[in-house]
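Biologist: I would like to learn how to read a sheet and its surroundings, one feature at a time. Could you take me through the general idea and then the case in hand?

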Amino acid sequence: MHHELWSPQNPPHRNNSHETSSISTQLSLISSSFQSTCNHGGITRTHYSSGSKRNNRKNVKKICSNNKESQYWGCSTSLELYDNPWKMKKVLTRSDLGKLNRLLFGSDLLENLMLPVLGAAAQRDAESGMGTPIRVWDVDTMSMHMLILKRWASFKNYVLIGKWNHEFVRRRELKKGDEIGLQWDSYRHCFNFSVLKRTHE
């Protein structure tokens, strides 16, 4: 048997078709645990494993579960893209719509949001019980109205009186359970008014 010795001048013969390794330069954004690729005739096919689909379904269920839990805890994980301008809101009661002809607000709400935008003299008149006139722009009907703001001494709350019944309750057909809102309009120097929600909605 003839043995051929290896030397630098006489290197062993190699079969390039079987021993040459190929290196892929293809960039993939999905890890190998999620896909496998094969090349047949120059065409690359991607096969996704069934395990990745099961993992995706589990992740979706987990996200839905977290959203439900956040609702139970009274917090929201959703992103708000704007600040609600209707800071002064109230669900109307029967007394707000009756013969007393007044809209009742708590003292904290009025003192923090309404009184600060009024002048010093207007604040004094409102707090003393004399009352001060304020302009109210109905953004739903685009009409201007006038009301009187005063402190209700017997309950230490604030009320809006004047033509509340005639120009708001009757004209806008307000019902018990309707939600209304007020906001300060620095451009018109008045308070904007809107019916935010009807009881039948």
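Predicted model: local features only at pLDDT ≥ 70, side-chain atom pairs only at ≥ 80, totals over all residues.

Biologist: In what order do the strands of the open sheet lie?

Modeller: Helices (H or I, at least four residues) and strands (E, at least two) are DSSP runs, numbered from the N terminus, and two strands pair if DSSP finds at least two bridges between them. Here seven strands form an open sheet in the order 3-8-9-5-6-7-4, with mixed pairing. Its edge strands, strand 3 and strand 4 (103-105), each pair on one side only.

Biologist: How many bridges join strand 5 to strand 6, and how many join strand 6 to strand 7?

Modeller: Strand 5 (residues 132-138) and strand 6 (residues 143-152) run antiparallel and are joined by seven bridges; T132, for example, has L149 as its bridge partner in strand 6, and V136 stands opposite H145. Strand 6 is also antiparallel to strand 7 (residues 157-162), with six bridges between them, and L147 has G162 as its partner in strand 7.

Biologist: Which residue takes a positive phi in the hairpin of strand 5 and strand 6?

Modeller: That residue is M142, with a phi near 55°, in a hairpin with four residues between the strands. The hairpin of strand 6 and strand 7 also has four residues between its strands, and there K156 takes a positive phi near 55°.

Biologist: Which strands does helix 4 lie across?

Modeller: An angle is taken between N-to-C directions and runs from 0 to 180 degrees, the axes being lines fitted to C-alpha atoms, for helices over the stretch in contact. Helix 4 (residues 120-128) lies across strand 5, strand 6 and strand 7, and runs at about 60° to strand 6.

Biologist: Is V91 buried or exposed, or something in between?

Modeller: Buried means under 20% relative accessible area, exposed over 50%, and partly exposed in between (1.4 Å probe, protein chains only). V91, found in strand 3 (residues 88-91), is partly exposed because its relative accessible area is 46%. Contact means heavy atoms within 4.5 Å, and, not counting residues up to four places away in sequence, V91 touches D96, G177, D178 and E179. V91 and D178 are 87 residues apart in sequence, yet 5.5 Å apart in space, C-alpha to C-alpha.

Terms used: Residues numbered from 1 in each chain as written. Heavy atoms only, no water.
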